[in-house]
Amino acid sequence: MQDRYQPATVETAAQQHWENTQAFRVAEDAGRPKYYCLSMFPYPSGKLHMGHVRNYTIGDVLARFHRMKGCNVLQPMGWDAFGMPAENAAIQNNVPPAKWTYANIEYMKGQLKRLGFAIDWSREVATCTPEYYRWEQWLFTRLYEKGLIYKKLGTVNWDPVDETVLANEQVIDGRGWRSGALVEKREIPMYYMKITAYADELLAALDDLPGWPEQVKLMQKNWIGRSEGVEVHFPYDLSTIGASGVLKVFTTRADTLMGATYVAVAAEHPLATRAAAGNAELAAFIDECKHGGVAEADLATMEKKGMPTGLRVVHPLTGEYLPVWVANYVLMGYGEGAVMAVPAHDERDFAFAAKYGLPIRMVVRSTHDAYDNVAAPWTDAYAEHGKLVNSGKYDGLHFQDAVDAIATDLAAKNLGAKRTQYRLRDWGISRQRYWGCPIPMIHCEDCGDVPVPDEQLPVVLPENVEITGRGSPLAKMPGFYRCTCPKCGKPARRETDTMDTFVESSWYFLRYACADNATAMVDARVNYWAPVDQYIGGIEHAILHLLYSRFFTRAMRDEGLVNVSEPFTNLLTQGMVVAETYYRDQTGGKKLWINPAEVQVERDDKGRVVAAKLAADGQPVVIGGTEKMSKSKNNGVDPQALVDQYGADTARLFIIFAAPPDQQLEWSDSGVEGAARFLRRVWQFGHAFASDIRPVLPAARRLTAGKLPALLADVRREIHTHLKQANYDFGKHQFNTVVSAAMKILNALEKAPREDGTEMRAAHAEVAEEGFAILLRLLSPITPHICHVLWQDCGFGTDILAAAWPEPLEAALAQDEIELVVQVNGKLRGSIKVAADAGKAAIETAALASEAAQKFMEGKPPKKVVVVPGRLVNIVV
RNA sequence: GCCGGGAUGGCGGAAUCGGUAGACGCAGCGGACUCAAAAUCCGCCGCCGCAAGGUGUGUGGGUUCGAGUCCCACUCCCGGCACCA
């Protein structure tokens, strides 16, 4: 055994052992509980970043922990390989997306292996391979024929210069990121998955997910946004509109219907189009509304604008004429593309009415905050439920009674009814991009939209393609889109849109169960492994990816492909990795961001950072604050450099120790130093154990007989106490304090008295043997390499993976005397020692008699004495 | 704008059911070893104060014998908002 810790040697040896024994390759085994541990698969962007290392380290800790607990653990890995960055790289560097992607996969796989993750690589999938996406296309055709996928118009960001559709992130301040052109909204036909058909189930099932964080479930609940309301029909005024019909709106506040003073429609609404036909000013306004992107955050924060159409509709209860306005904040894609406006009781309508001088009619009086009229400024009380006023026959009714009565009257007139609405919208999956899964549809002039038949799947994405950033590449490739109609055999055109990459990530976790099956999407093995027992990934996926996956699993269930409904039993959402930023101001207001690795910080005598300078030139740089590691702020720390310098175990240990998994992790170079220092101490102790301590172990162990010198019994109790804490912390996934406990155990082992005399030395050796074996097993999920080698070198066994997880012993934890804190009037004043089984009366007496109590009671009699067993005594005077 | 989360020493964080605030580590300071440095080891370390003691968990209130933890009002920071993944 080497006397110095050499991570590279240790880690090569351990990884070689795992490779030789195929340690992490698993098969179905009915004899053991299965544990499917999954980390979100990475997008192969080039090289691993620190967020990946964190994600996969957390997953690996859980996988290895459960393996030692006796589970049959599956931990697979793959690549979320379709997406925009590959196309951007193609434009920038003239590399084909496929070549770029596969090269990245190759490199990043090597990095993952170097980190020692317990992955079953035989199940690896890459979503950009036809072997993977053909099943996605197959399922698409199934769901299309079932009606779960349909076609309708959707709104996209259109760049008129590049003649291409832009992602929301490609729209910056309303302009295309490459062309700089003003972006327009454009309606194009797209395929949609009917996720709303599962809205109720997706909502209700959240209650059966105790293993998910409450905050994630709450976000999903709000996202689905089930609301009970009333659909109200406003008949067209024939004289202004010139046609008969009804304007439909949905409202959750039907009780305020008598206060509606106008209606507003989206710029794309048919009534708006009709009114604009003879009104140039209105047409110009509608045109203006079509400028800008489609992102909700932009729409919600922009200035609310509107214009009257001159059209009128009829109030369904009063018969009054209400003006129809076009408003930029009403969305065509949400609900009916029209809203009824009640300025007195809705903040947005209130502001709009004030701006354009529209009437405000108060119809509700709040029962909490009294007000007699709804004068400006707006007050939240105006929007509260209350008792109806100025509402004719409905006066005096409270919210629910008013809604019921109004809904009944509307239904009687055939002008509305109660309805449940969801905020959730159907999932538009068409993308006008190249690097994605081709949508398996054929458009025939005679037969319409025809799904590609099974025997013609997969529709393979051609790889010899030119990417320019203008238009849709596939739509420029006749070799791809020219085809014959599967129904009638006539020439037809193949769909050139590809699927949203969220589709691939909505079922990859099921494919891992049977990644080698070339004849089916999934097989019976999926019902052994599914659902995923533990899913780990970034909080940023709390809504979209997780909701789509829950939907997809149900869609596959209803196709008879899988038995389960919920894909992920337990969810752990990890926090971001952040680091300090540094910069220098450049001319033109730009900033030159400087990597932390190139910066030296200066501290005052208390260790506070007071200044920073660039190491290269010694000149000052500005400290820019802590932000998420990113290319744009140049504050990323390369995990590869870290592993090269310190080894995988140090990288893993630092990442686990620096913060609990669900909180953000702040990068710290000196923290890494500390992690490396700890591992050197572990190695040193292992070396001392193997060479000096182990040889003096007695033939007959005394620990089991419970006979130990008091000082060593204290050490042993401390170790078992820390072990108990560590096991508790493992249970709640607070791994940073597991590391703390391991550090405390090492501290205790190092300080354990090793006095002269054969008896004492033998007893010490026994405590050290038991304690170090606990320490190595406790640390092995986190730093598996060093623990593997030390376990062997210290003679504990051949493979720590096969060792049982350590549990604390009651006999080692027992103690006769305990210390209690003494408080006077809630302030800490001293402590007393009492027998562990002392009664309340005895504790009270001892506390009152204590020196600290006597001093601070100042002779006053105790008014009350509170005894908290095992904790403290509070004397109130 | 809407939905969700967070804030504790110089720093990362700990405190399990309302019961010793600051465990563990980092940085800093003092010392040992060394020709010297690194590494290592020992000690100190919230703030004010010579001390006794006081004070302290983003801000302002409240409940309680006792509040980082519960309640109310606010401030700032972060994640998501449907075409980034």
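How far is the sulfur of cysteine 483 from the closest cysteine sulfur? The closest one belongs to cysteine 485, 8.1 Å away, which is too far for a bond.

This is a predicted model, in which local features need pLDDT of at least 70, side-chain atom pairs count only at pLDDT 80 or more, and totals for chains, interfaces and linings use all residues. Residues are numbered from 1 along each chain as its sequence is written, chains are lettered from A and ligands numbered from 1 in the order in which they are written, and side-chain values use heavy atoms, with hydrogens and water left out.

**Cysteines**

A disulfide is a pair of cysteine sulfur atoms within 2.5 Å. Searching the whole structure gives 0 disulfides. Take cysteine 447: its closest cysteine sulfur is in cysteine 488, at 3.7 Å, again too far for a bond.

The table places some residues in them.

| Residue | Relative accessible area | Class |
|---|---|---|
| Cysteine 447 | 26% | partly exposed |
| Cysteine 483 | 14% | buried |
| Phenylalanine 65 | 8% | buried |
| Tryptophan 805 | 6% | buried |
| Glutamate 810 | 60% | exposed |

**Aromatic rings**

Rings of Phe, Tyr and Trp (its six-membered ring) pair if their centres lie within 6.5 Å; planes under 30 degrees apart count as stacked, over 60 as edge-to-face and the rest as tilted. The structure has 40 aromatic pairs. One of them joins phenylalanine 65 and tryptophan 805: the ring centres are 4.7 Å apart and the planes stand at 85°, so this pair is edge-to-face. Phenylalanine 65 sits in helix α2 (residues 50-68), while tryptophan 805 is in the loop between α24 (784-793) and α25 (810-813), so the pair ties together parts 740 residues apart in sequence. Helices (H or I, at least four residues) and strands (E, at least two) are DSSP runs, numbered from the N terminus.

Elsewhere, one aromatic cluster is formed by Phe41, Tyr508, Phe509, Tyr512, Tyr535 and Phe568.

Charges meet rings too. A charge sits over a ring if NZ of Lys or CZ of Arg is within 6 Å of the ring centre and within 35 degrees of the ring normal. Arginine 134 places its charged end over the ring of tryptophan 135, 4.6 Å from the centre.

**A sheet and its helix**

Strands of a sheet pair through backbone hydrogen bonds, either parallel or antiparallel. Here, two strands pair if DSSP finds at least two bridges between them. One open sheet has 4 strands in the order β13-β14-β12-β15, and its pairing is mixed. At the edges stand β13 (306-314) and β15 (338-341), each with a single partner strand, so one side of each has no neighbour in the sheet. From one strand to the next, the twist averages 30°.

Strands β12 (residues 262-265) and β14 (residues 321-327) run parallel and are joined by 3 bridges. Valine 263 stands opposite valine 324 in β14. Helix α10 (residues 280-289) packs on the sheet and touches β13 and β14; its direction makes about 110° with that of β13. Contact means heavy atoms within 4.5 Å. Axes are lines fitted to C-alpha atoms, for helices over the stretch in contact, and angles run from 0 to 180 degrees between N-to-C directions.

**Inside and outside**

Helix α19 (residues 648-658) has 9 of its 11 residues buried, so it is largely enclosed by the rest of the structure. The buried residues include Leu653, Phe654 and Ile655. Glutamate 810 lies in helix α25.

Definitions and conventions
Buried means under 20% relative accessible area, exposed over 50%, partly exposed in between (1.4 Å probe, protein chains only).
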